[in-house]
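The sequence and model are shown first, and the description follows.

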Amino acid sequence: MRIVVDRPRCEGHGLCEEAAPRLMHLDDDGELVLDREEIDEADAALANAAVRVCPVAALRIA
Amino acid sequence: MSGGAINRVVVVGNGIAGLTAADTLREAGFDGELTIVGDEPRPAYSRPALSKALLLDGDDVSSHELPPTGHGATELLGVRATALDLDRRLVSLDDGTALPYDRVVLATGSRARRLSSLSEELTLRGLDDALSLRGRLAATPSVIVVGGGPLGMEIASGCLAAGCQVTLVSQGVPLIVQLGPHLAGVFVRAALDQGLTIVETGSARLERREGSARVVLDEGAVREAEMIITAVGDVPNTEWLADTGLAPQGVIPVDSHGLVRPDVAAVGDLAAFPTPYGLRRIPLWSSAIEQAKVAARALVHGHDAPPLRFQPYFWTEQFGLSLKAVGYLPLEGEPTYIEGEPGGGPALMRWSHDDGAGVAAALNYRVAIPRLRRMSQAAA
């Protein structure tokens, strides 16, 4: 599985980073950077938590 | 302290607080029978989006949608809880059934406070409200929004963008209570530039005269429009708990773990939790999520679980401005500018509270939220 970002929709709230700092972070410009392309089973719960917490539905699992 | 074996957990409320509690119960190792009760006949959605993107996005009505859940709970949607029996550990539902529990999460949120019982008074709290408003705006020449808080201003902004003539009726300067004089000034200027009419008043009420509703201000002045929307705060949904004594003033006070007792948690807009500034109800998206995470873990692991250390995060989008802020309100006095300068352009700002903590805010400025959090804590 992997995480997909809807760039135009992302507003840089960063709640996903707080939920799953191992998987993603906002860079200095507030742009979301995915640190893992592929999410393994061990991180699936983290990835889901990050996707769920986004208030503008900019993330999804593919 | 233990509340006994945990085989069955009932989460009452299917907003982001209830949903997060259910997810976190699973993460904390609870693998028993989990039931979520929600009074809306649909999955949980993002409430902040309702007054922002959802009012504005052309044909796209998906900005509020949350991804499918993974907690594997039995979801009872379109069902309302009517009573809680703490001794027998039962949640009664309006379909006549009752759910037994070993642990229960109270997350029934809050509803819009209303100024009248008139059907003409519209409010924006749920998805149905937002979709209905969206559908009607295009055909509505004039709108009065009563309430100068962030929600009222967001609605006014959305109505203006839809082409309506909009009058905002506000108790004092809009946003000044939440954002302080400096930022309120910035937002009011932007609103006026976009054509908003602002009427300041000490009080406002609604009445129906000759078949149509109108807003009556101080000293009897009257304002009329095709549509009247009020955004004057929220009321916790705690009436169903009246017999329990858990919500003495309509709000449920909880400890730093979000617990009322070892087997009962209360999270989200209906709970008042300990903050550095006393027991507070903080009805924000980020607050509901953090409360729910902490309380769910405490229900499973007791007070060994980490307590809540919430630092409020909130944002608003209106009149072409976007604000993100971290820290406890209110914002009093003038900020220090860390980036940018006064005048309403892109900027990073900080306000200090007396205790050295503070609020950091980004106006039309893209910034990593962890940096904003650090800025809010570090003395300037």
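## Terms and numbering

Helices (H or I, at least four residues) and strands (E, at least two) are DSSP runs, numbered from the N terminus. This is a predicted model, in which local features need pLDDT of at least 70, side-chain atom pairs count only at pLDDT 80 or more, and totals for chains, interfaces and linings use all residues. Residues are numbered from 1 along each chain as its sequence is written, while chains are lettered from A and ligands numbered from 1 in the order in which they are written.

## Chain A

Chain A holds 2 helices and 4 strands, arranged along the sequence as β-α-β-β-α-β. Its C-alpha atoms fill a box of roughly 30 × 20 × 15 Å along the principal axes. Of its 62 residues, 44% count as buried (20 or more other C-beta atoms within 10 Å of the residue's own, with C-beta atoms placed from the backbone).

## Helix 7 of chain B

Helix 7 of chain B spans residues 369-377, and its buried residues are B:I369, B:L372, B:M375 and B:S376. Viewed down the helix axis, these residues fall within an arc of 110° and so line one face of helix 7; the arc is that of the directions from the axis to the C-beta atoms.

## A sheet in chain B

Chain B contains an open sheet of 3 strands in the order 18-21-22, with mixed pairing; two strands pair if DSSP finds at least two bridges between them. Strand 18 (252-253) and strand 22 (278-280) of chain B stand at the edges with a single partner strand each, so one side of each has no neighbour in the sheet.

Strand 21 (residues 271-275) and strand 22 of chain B run antiparallel and are joined by 3 bridges. B:T275 stands opposite B:G278 in strand 22 of chain B.

Key
A residue is buried if 20 or more other C-beta atoms lie within 10 Å of its own, exposed if 12 or fewer, and partly exposed in between; C-beta atoms are placed from the backbone.
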